[in-house]
Amino acid sequence: MSTLLLVVGVVIGVAYIYRHVVVKGKSCTSTAKLHGRTVIVTGSNTGIGKTTAMDLAKRGARVILACRSKQRGEAALEEIKRESGSNQVVFMQLDLGSLKSVRSFAETFLKSEPRLDILINNAGIYMQGRTEDGLGMMFGVNHIGHFLLTNLLLDRLKECGPSRVVTVSSLTHNFGNINFDCLNTHKALGLGTSSMETLRVYSDSKLCNVLFTHELAKKLQGSKVTCYSLHPGAINSELARNTSPVLQILLKPLTAYFFKNTIQGCQTTLHCTLQEGIEHLSGRYFSNCTVRKVYPKAKDDAAARKLWELSERLCGLA
Ligand SMILES: NC(=O)c1ccc[n+]([C@@H]2O[C@H](COP(=O)([O-])OP(=O)(O)OC[C@H]3O[C@@H](n4cnc5c(N)ncnc54)[C@H](O)[C@@H]3O)[C@@H](O)[C@H]2O)c1
């Protein structure tokens, strides 16, 4: 009995320390104010995108909420305006799964907003299916949509430098691979695809985020624009909303206790967005507000260049 109590005590102690030390992680320490600066945050109606937008609005930035759903985007707009006390928050519709929508968003933005200081490519999806352009959903939304968006806005970012592009990737990029032979079709997963295959394709798309940032940094050399990719941590968000409902119910108590909340989860994004003195780290990958080493496949120059060229062709930019 006493051994059992000891084991239970140790387990509770370890869980407590894990939650309050490891899960909490580091916080962004920048006190930067952003009055007169304009920021776009994609996917900012929920999750860490919304808390990122909230933080930046409180710092005085003009924040563009680039969201797919008008209804949810406008609800987030009202909440952020109310809580931040800022009237410099704007909703603009953007569906990253549609190249037409990305072009239309960029056109509206460039016509109506004179500045762009920070672009945060935050939106992400963990779901099977195809985009309206016939690409695999995760590849299309997580990588291609952001690739086109960034390229369409790059001149404005350059005009407003020093400016930044921050792309939210994931630790899972370590499990990813880029298969150039069937990037286009193979990644469009249908119903009934195994959980492992879905995770693998999500990881591929997150490796694309890291390689995109690697190549972008090279293209931006000599400009005043820098770029960073990052892992935000494991977050108790809505990302897994399209996975099995049973699994979601079973995992809910664990994710609620052991995963970061969205305020903790947006700290590395804020660090990459705001921290002064990291400009020399352009193109690098961050986690827990710290620059990290990546495996060779995530900084492979040839693969990054090839992915860039393929992405240009898929977006009609080439
Ligand atoms: N949740 C985690 O544990 C975790 C871990 C590592 C990385 N990430 C990454 O963090 C980012 C934010 O995810 P989150 O955890 O806040 O999840 P979330 O699902 O709460 O937020 C994702 C946002 O992306 C938006 N989005 C999805 N498809 C879109 C589309 N086609 N067009 C425009 N917006 C679209 C959603 O509407 C939502 O606002 C994602 O890139 C995700 O891959 C999350």
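**Close-up views of a predicted model**

Figure 1. The model shown here and in the following figures is predicted. Strand 1 spans residues 38-42, and because 5 of its 5 residues are buried, the strand is largely enclosed by the rest of the structure. Its partner is strand 2 (residues 62-67); the two strands run parallel and are joined by 5 bridges. Within this pair, Thr42 is placed opposite Ala66 of strand 2.

**Figure 2. The protein as a whole.** The protein contains 10 helices and 8 strands. Along the principal axes, its C-alpha atoms fill a box of roughly 70 × 50 × 40 Å. A compact globule of 318 residues would have a radius of gyration near 20 Å, and the value for the protein, 20 Å, agrees with this. Of the 318 residues, 45% are buried. Among contacts with a separation of 6 or more, 77% are between residues 24 or more positions apart.

**Figure 3. Helix 2, its length and its burial.** The 12 residues of helix 2, at 1.5 Å a residue, should span 16 Å; the C-alpha atoms at its ends lie 17 Å apart, which agrees with that expectation. Helix 2 is mostly covered, as 11 of its 12 residues are buried. The buried residues of helix 2 include Gly47, Lys50, Thr51, Met54 and Asp55. After helix 2 comes Gly60, which has a positive phi near 95 degrees.

**Figure 4. Helix 9 and the elements packed against it.** Helix 9 (residues 267-274) is mostly covered, with 8 of its 8 residues buried. These buried residues are Gln267, Thr268, Thr269, Leu270, His271, Cys272, Thr273 and Leu274. What do the buried residues of helix 9 pack against? Their partners are helix 2, helix 8 (262-265), strand 4 (118-121), strand 5, strand 6 (225-231) and strand 7.

**Figure 5. Ile125 in the loop between strand 4 and helix 5.** Ile125 is found in the loop that lies between strand 4 and helix 5. Is this residue buried or exposed? Ile125 is buried, because 22 other C-beta atoms lie within 10 Å, and a residue needs 20 or more to be counted as buried. Apart from neighbours within four places in sequence, Ile125 is in contact with Met137, Met138, Val141 and Asn142. From Ile125 to Gly49, the distance between C-alpha atoms is 13 Å, and the two residues are 76 residues apart in sequence.

Figure 6. Pro162 belongs to the loop between helix 5 (137-159) and strand 5 (163-168).

Figure 7. Asn288 is situated in the loop between strand 7 (285-287) and strand 8 (290-292). Its phi is near 50 degrees, a positive value in a residue other than glycine. Cys289 also lies in the loop between strand 7 and strand 8. Although Cys289 is not a glycine, its phi is positive, at about 60 degrees. Asn288 counts as partly exposed because it has 16 C-beta neighbours inside 10 Å. Cys289 likewise counts as partly exposed, with 19 C-beta neighbours inside 10 Å.

**Figure 8. Thr198 in helix 6.** Thr198 is part of helix 6 (residues 195-219). With 17 C-beta neighbours inside 10 Å, Thr198 counts as partly exposed. Thr198 and Tyr228 are 30 residues apart along the chain, and 25 Å separates their C-alpha atoms.

Terms used. Residues are numbered from 1 along each chain as its sequence is written. This is a predicted model: local features need pLDDT of at least 70, side-chain atom pairs count only at pLDDT 80 or more; totals for chains, interfaces and linings use all residues. Helices (H or I, at least four residues) and strands (E, at least two) are DSSP runs, numbered from the N terminus. The radius of gyration is taken over C-alpha atoms; the globule rule is 2.2 Å times the number of residues to the power 0.38. Two residues are in contact if their C-beta atoms, placed from the backbone, lie within 7 Å. The expected span of a helix is 1.5 Å times one less than its number of residues. Two strands pair if DSSP finds at least two bridges between them.
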